[in-house]
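Okay, thanks everyone. I'd like to walk you through the packing in one chain today, so let me put it up on the screen.

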Amino acid sequence: MELHDLLARCLAMVIAVIQIAKISSCLNTAVLSEVHAPYVDNYVAKSYFNKHENLVDSKFEDFIAHDILYGACVSLQGNVEFSLKLSALHGKLIGEGSHRRLSSTLRLKLSSESISRPPKSCEVIIVERLPSGVFADPFELQHLVQRGVFRDAAVFGDTNLELPSFLSNRSLVEVHLEVGTNLTSQQKDELEIHMELPLHARYQPLGHGFSRVEFASPDLFLRCNVERKEDDTGCLFLLDKQNAESIDTQLVWEVPCGNREHTEVVSAITFISAVVSALLIIVASIKYSDNAASNVLKQS
């Protein structure tokens, strides 16, 4: 066998191996995309922010309709043994000033079959698309998770806590509440869940009076693990707010704005305070150095 024939056969074998590897990779990718559907993520909003940098209402609603609900398990919605619907949703702001709590109360209506044969476990997911000028502290939310107030919580979007409202982007808060441990009342056919989310106002642009920050209705999801004969599958679906008997979530937060006329006065006071503080630090340092030197001389 000549050398060029041997090289040709070796090259053909290498090309065949590469093609087989590509086919195997494509098959593995297809299997993973089928198993790891977007709704399998622990956080509903995680997949959205993997694709988009900023929160835009129209894009997020399109994401819910096509990326989340399209791939979500629909067997729970058609299960005659389990029927859980949103009957009421109410929200209000608690507190005064720039630090308040967004209180949300939702009532879920159960059928008689749901009570007798409930799913293995369920959690309510509340997604608050915060308006511009308001943010949630992720460290504060994690502290509430550690205390057991929330099952889980996360902030997506602009998490810079120091930026003023005119330099920041919107953020989104996702809170998970376990159905059963967060119930405030349990009647024959209704469950009531209550949540208080701590929020903080960003610094508003200079102006006069107050800046109006308006809240929209949150997105509500229900994720349940249904015990089956063959496997245990988690199902996620949207709680329909249109068919609810009572919806009251139109909230307005009036955040005070700085007065532009006071800028020079505030700047002058801030400058004088900074200079006086610096002088006091210098004087204290000199006295401390003198005392330390005298003590050393006494000891020697």
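Let's start with the rings. Rings of Phe, Tyr and Trp (its six-membered ring) pair if their centres lie within 6.5 Å, with planes under 30 degrees apart called stacked, over 60 edge-to-face and the rest tilted. By that rule we get six aromatic pairs. Take Tyr 43 and Phe 156: the ring centres are 5.7 Å apart and the planes sit at 70°, so this pair is edge-to-face. Tyr 43 is in the loop between helix 1 (3-35) and helix 2 (46-51), while Phe 156 belongs to strand 5 (residues 152-157), so the pair ties together parts 113 residues apart in sequence. Helices (H or I, at least four residues) and strands (E, at least two) are DSSP runs here, numbered from the N terminus.

Tyr 48 lies in helix 2 and Phe 60 in helix 3 (residues 57-68), so here the pair links parts 12 residues apart in sequence. Both Tyr 48 and Phe 60 are buried. And there's one aromatic cluster made of Tyr 43, Tyr 48, Phe 49, Phe 60, Phe 63 and Phe 156.

A quick word on the ground rules. This is a predicted model, so local features need pLDDT of at least 70 and side-chain atom pairs count only at pLDDT 80 or more, whereas totals for chains, interfaces and linings use all residues. Residues are numbered from 1 along each chain as its sequence is written, and side-chain values use heavy atoms, leaving out hydrogens and water.

On to the nonpolar cores, meaning sets of buried Ala, Val, Leu, Ile, Met, Phe, Trp, Tyr and Cys residues joined through side-chain atoms within 4.5 Å. The largest has 39 residues, and Leu 106, Leu 141, Phe 150, Leu 199 and Phe 215 touch the most other members. Strand 8 (residues 190-201) supplies the largest share of this core, six residues.

Now have a look at Leu 220, in strand 10. At 1% relative accessibility, Leu 220 is buried. Contact means heavy atoms within 4.5 Å, and beyond four places in sequence the partners of Leu 220 include Leu 86, Leu 106, Ile 125 and Phe 237. Leu 220 and Val 124 are 96 residues apart in sequence, yet 7.2 Å apart C-alpha to C-alpha.

Strand 10 (residues 219-227) also holds Arg 223, which is buried at 14%. What does the side chain of Arg 223 reach? The backbone oxygen of Asn 42, at 3.2 Å.

Last one: Asp 158, in the loop between strand 5 and strand 6 (171-178). The backbone nitrogen of Asn 169 is 2.8 Å from a polar atom of the Asp 158 side chain.

Zooming out, the chain has six helices and 13 strands, and 35% of its 300 residues count as buried.

Methods. Buried < 20%, exposed > 50% of the residue type's maximum accessible area, 1.4 Å probe, protein only. Polar contact = N/O pair within 3.5 Å; in protein donor to acceptor, adjacent residues only side chain to side chain.
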